[in-house]
Amino acid sequence: MNIEEYFSRIGYKGSYDKQDLETLTAVFQHHIRAVPFENLSIHCGETITLELDQVYNKIVMKRRGGWCMENNQLLNWVLKTLGYDTTILGAYVYNPHQNTYAIRMTHLLIKVVIGGKAYIVDAGFGVSGQMWQPMELISGKDQPQIPGIFRFTENDGIWYYEKIRRKQYIPNQHFTDSDLLEKRECRKLYFFSLEPRTVADFQFQCTYLQTSPDSLFTKKSICSIQTTDGFRALIGWMLTETTYNYKEDMDVVEFTTLQEEEVEKTLEDKFNIALERKLVPINDKGPYKI
């Protein structure tokens, strides 16, 4: 694996000789704007693996994206290579339809310590829940970013992660009631502990999420990428493009329903993804909010 190849993949041309917050933030932001959060392999007849060399080959060499266990595992390797003090953590994602947190630890994230101060780095959540800057691991402090206000709340060793969003303007009123839209102002995202994890701790979940008929990821083909002013997401045949704070305290969310023949070109044009196998889009009902 080659750090220069990774930097070329994400378009990063800055310095990396210091293990400081500024460098961490710059690398992180280049990553989330270049590497999509996506599960398209499941719907192309491919198997998602957690072997780091294969993750590297998929994201860096083939210029694909991945889900949290791929994105954050690769980013963790990058940060360790640069000399950062990192720890893999595991989280339980909130299910808005069931109004409860998952019983399986399915989300991989990273803790980074700089100068004795801990930060959470997560490049693998996607859509509107995606942080744009490393977040200081401190309880009860609002941490405003361009996507909205993020916050951690600690209770008895468990850390809860949530986001307060702005109002939303939907130009095409036909989509105002779309089940993809988050209706709650305060969105619960996941909880985690500070217990160190290894990639092996996620192996069962990786298999389960791409094979179980109960898994969100077998019910929906998902691809999302952060932009300089918002994010794009392709869920099944539905393309959404969100611009944050396009006017005071208001995000705009635009919906476009694609035809089957438009999906592949949209992936290339909007997400810079060229698939090797035929994608079978799917968007069954399920607890996914953009």
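This is a predicted model: local features need pLDDT of at least 70, side-chain atom pairs count only at pLDDT 80 or more; totals for chains, interfaces and linings use all residues.
Which residue in E14 is the bridge partner of Gly230? The bridge partner is Thr243.

Residues are numbered from 1 along each chain as its sequence is written, and side-chain values use heavy atoms, with hydrogens and water left out.

Start with the whole chain. The protein has seven helices and 15 strands. Both kinds of element are DSSP runs numbered from the N terminus: helices are H or I with at least four residues, strands are E with at least two. The C-alpha trace spans about 50 × 40 × 35 Å along its principal axes. A compact globule of 290 residues would have a radius of gyration near 19 Å, and the 18 Å of the protein agrees with that. The radius is taken over C-alpha atoms, and the globule rule is 2.2 Å times the number of residues to the power 0.38.

Next, burial. Of the 290 residues, 56% count as buried. Buried means under 20% relative accessible area, exposed over 50%, and partly exposed in between, with a 1.4 Å probe and protein chains only. The protein exposes about 12,900 Å², and carbon and sulfur atoms supply 48% of it. These areas come from the Shrake-Rupley method with a 1.4 Å probe. Among contacts with a separation of 6 or more, 62% link residues 24 or more positions apart. Contact means heavy atoms within 4.5 Å.

Now the sheet. Six strands form an open sheet with mixed pairing, in the order E1-E12-E13-E14-E15-E10. Strands E1 (37–38) and E10 (167–169) stand at the edges with a single partner strand each, so one side of each is left without a neighbour in the sheet. Two strands pair if DSSP finds at least two bridges between them.

Two bridges join E1 to E12, and the two run antiparallel. Glu38 has Cys223 in E12 as its bridge partner. E12 then pairs with E13 in the antiparallel sense over five bridges. The two form a hairpin with three residues between them, and Gln226 stands opposite Phe231 in E13. E13 (residues 230–235) pairs in turn with E14 (residues 238–247), antiparallel over six bridges. The opening pair of Gly230 and Thr243 sits here.

Turn to the helices. Helix H5 (residues 203–211) buries Gln205, Cys206, Tyr208, Leu209 and Gln210. These residues pack against helix H4 (68–82) and helix H6 (216–219). Helix H3 (residues 52–61) buries Val55, Tyr56, Lys58, Ile59 and Val60. Its buried residues pack against helix H1 (3–10) and H4. After H3 comes Arg63, whose phi is positive, near 60°.

H4 also holds Asn76. Is Asn76 buried or exposed? It is buried, with a relative accessible area of 8%. Leaving aside neighbours within four places in sequence, Asn76 is in contact with Thr86, Ile88 and Ile110.
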